[in-house]
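Please keep the sequence and the structure in view while reading.

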Amino acid sequence: MFEDIETHKKLSKWIIGTFTACILIYLGIRHISHVADAVMWLKDLLNPLLIGLILALFLNVPLGVIERHLFPKHPTSRKTKMRRPLAILLSFILVIGVFVGVAFLVIPELIDAVSIVISSLTNGLDQLVAFESTADYSKIPFGEQLSQIDIDFLELKDNLNEWLNQLGTTIMDTAASAFGSVVATAVDFAIGLVFSIYILANKEKLKSQITRIVRVWIPACFAERGIHVAAVCEKNFKLFVAGQTTEAIILGSLCAIGMLILRIPYAPMIGALVGVTALIPYVGAWIATLVGAFLILTVNPFKALVFIIFLLTLQQIEGNVIYPKVVGAKINLPAMWVLAAITIGGNLAGPIGMLLGVPAAAATYALLKEATDKRETHLKTQEKEQMGNSHKQNIS
């Protein structure tokens, strides 16, 4: 009797829960615009915390390496207290220093290159204006045909100057109008930076607290499984960041060495730029190619063409050979599945999908392999038990 009552209670709870979930799903679909607005409002509200969490995830990789090599011999209580803050400081200096250093190398050269191009265009138009007013077309091959071409080079120069002035005005207006959003983004980033420092400084305590909450409020079977999945994802993400960094260093070094062999200008600077932008999936390669080609174009147009061909060839080798081998070896994922994860992630979510697709695939691969091994062991055990029972029955 009591068992029937308990069964009815469980069935009633299941029916009520299913009915409630269906109603919520229906209301969510019916008012999808309001749900989207609520999600965006919540995202804007939590934006600084999300930035801090992402920064902490990435900075945790160099933090662990630096912390392991700080004061390895003769540890004292004072050294132990200083280890974590000093490791956090060095991690920030390392990461920010790389990006700022490359920016200081590239941006001044890029500004000079733009100035050279504008000056060359202006001087070329002046020379064409002077040539048009003094040229004797009768002494030039195809002079009659050239004299019939009516191009006002002086007007072209005036249009170029007017366009540059309008461009400068547009940039200033855009910067002024975007000043508020830039300030808001900077404030969010600053808050996120502070939040990431707190996360990194107390990561063991936070991990313990979250684990405790999960185990208390979630059923035991789901809680332990969720904690294990989170641990596998964390491990694979760390290995992925380490592999991505290694691959970027290899690509930047190969680019600089190849440019030196081909005697292409700006080899060290463009090699550093290629290495840093390689951390940005898909888009980074095109940024490095366009910026590098533009800088070299101001020195030697033929070398700029050689650079484009060389870098595109190097990127194909890197994407199909180096990247799957280096990153796949770090996260124990076969090269075929690395390429598959990049392709599927890129098609689903663009550059972000390419970035997160590989560690997600590695975690899925590790969990599936683990589950398969357990299932295989379980089936073998059942098979042995069945063989043992059949053997006993035959004896009896």
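Is Arg263 buried or exposed? The model is a predicted one, and in it Arg263 has a relative accessible area of 71%. Because exposed residues are those over 50%, Arg263 counts as exposed. Arg263 sits in the loop between α9 and α10. Its phi is near 60°, a positive value in a residue other than glycine. Tyr266 is also found in the loop between α9 and α10, and although Tyr266 is not a glycine, it has a positive phi of about 60°. With a relative accessible area of 26%, Tyr266 is partly exposed.

Rolling a probe the size of a water molecule over the atoms shows where empty space is left. The largest pocket holds about 1200 Å³ of space. Two or more residues of its lining come from each of α3, α4 (77-134), α7 (179-201), α9 (220-261) and α10 (267-277). Of these, α9 gives the most, with 11 residues. The lining consists of 38 residues, and those nearest the centre of the pocket are Phe58, Val95, Phe99, Thr245 and Leu279. Sorted by class, the lining of the largest pocket has 25 nonpolar, nine polar and four charged residues.

The second largest pocket contains about 880 Å³ of space. It is lined by 24 residues, of which Leu57, Lys207, Ile210, Ala230 and Glu234 are the closest to its centre. At least two residues of this lining are supplied by each of α3, α7, α8 (203-217), α9 and α13 (335-395). Here, too, α9 provides the largest share, with eight residues. The lining of the second largest pocket comprises 16 nonpolar, three polar and five charged residues.

A nonpolar patch of about 980 Å² is made by Trp41, Leu42, Leu45, Leu46, Leu49, Leu50, Leu53, Ile54, Leu57, Phe58 and Phe195. Two or more of these residues come from each of α2 (32-45) and α3 (47-68). The largest share, six residues, belongs to α3. Leu49 lies in helix α3 and is partly exposed, with a relative accessible area of 37%.

The charged pairs complete the picture. Side chains of opposite charge can pair when their charged atoms come close. The count of salt bridges comes to five. In one of them, Arg84 pairs with Glu67, the closest N and O atoms being 2.7 Å apart. Arg84 lies in helix α4 and Glu67 in helix α3, so this pair ties together parts that are 17 residues apart in sequence. Both Arg84 and Glu67 are buried.

A second pair is formed by Arg225 and Glu370, with the closest N and O atoms 3.7 Å apart. Because Arg225 lies in helix α9 and Glu370 in helix α13, the pair ties together parts that are 145 residues apart in sequence. Arg225 is partly exposed at 37% relative accessibility, and Glu370 is partly exposed at 24%.

Finally, salt bridges that share partners join Glu67, Arg84 and Glu204 into one network.

Technical notes. Residues are numbered from 1 along each chain as its sequence is written. This is a predicted model: local features need pLDDT of at least 70, side-chain atom pairs count only at pLDDT 80 or more; totals for chains, interfaces and linings use all residues. Side-chain values use heavy atoms; hydrogens and water are left out. Patches are made of residues with over 30% relative accessible area and no salt bridge: like charges are joined within 9 Å, nonpolar side chains (Val, Leu, Ile, Met, Phe, Trp, Tyr) within 5 Å. Accessible areas come from the Shrake-Rupley method with a 1.4 Å probe; for residues, only the protein chains shown count as cover. A salt bridge is a side-chain nitrogen of Lys or Arg within 4 Å of a carboxyl oxygen of Asp or Glu. Helices (H or I, at least four residues) and strands (E, at least two) are DSSP runs, numbered from the N terminus. Buried means under 20% relative accessible area, exposed over 50%, partly exposed in between (1.4 Å probe, protein chains only). On a 1 Å grid over the protein atoms alone, a cavity is a set of points where a 1.4 Å probe fits but cannot get out, and a pocket is an open set with protein on both sides within 12 Å along at least five of seven lines; lining residues have an atom within 4 Å of a point. Grid points are joined across faces, edges and corners, and a volume is the space filled by probe spheres set on the points. Ala, Val, Leu, Ile, Met, Phe, Trp, Tyr, Cys and Pro count as nonpolar, Asp, Glu, Lys and Arg as charged, and the others, Gly among them, as polar.
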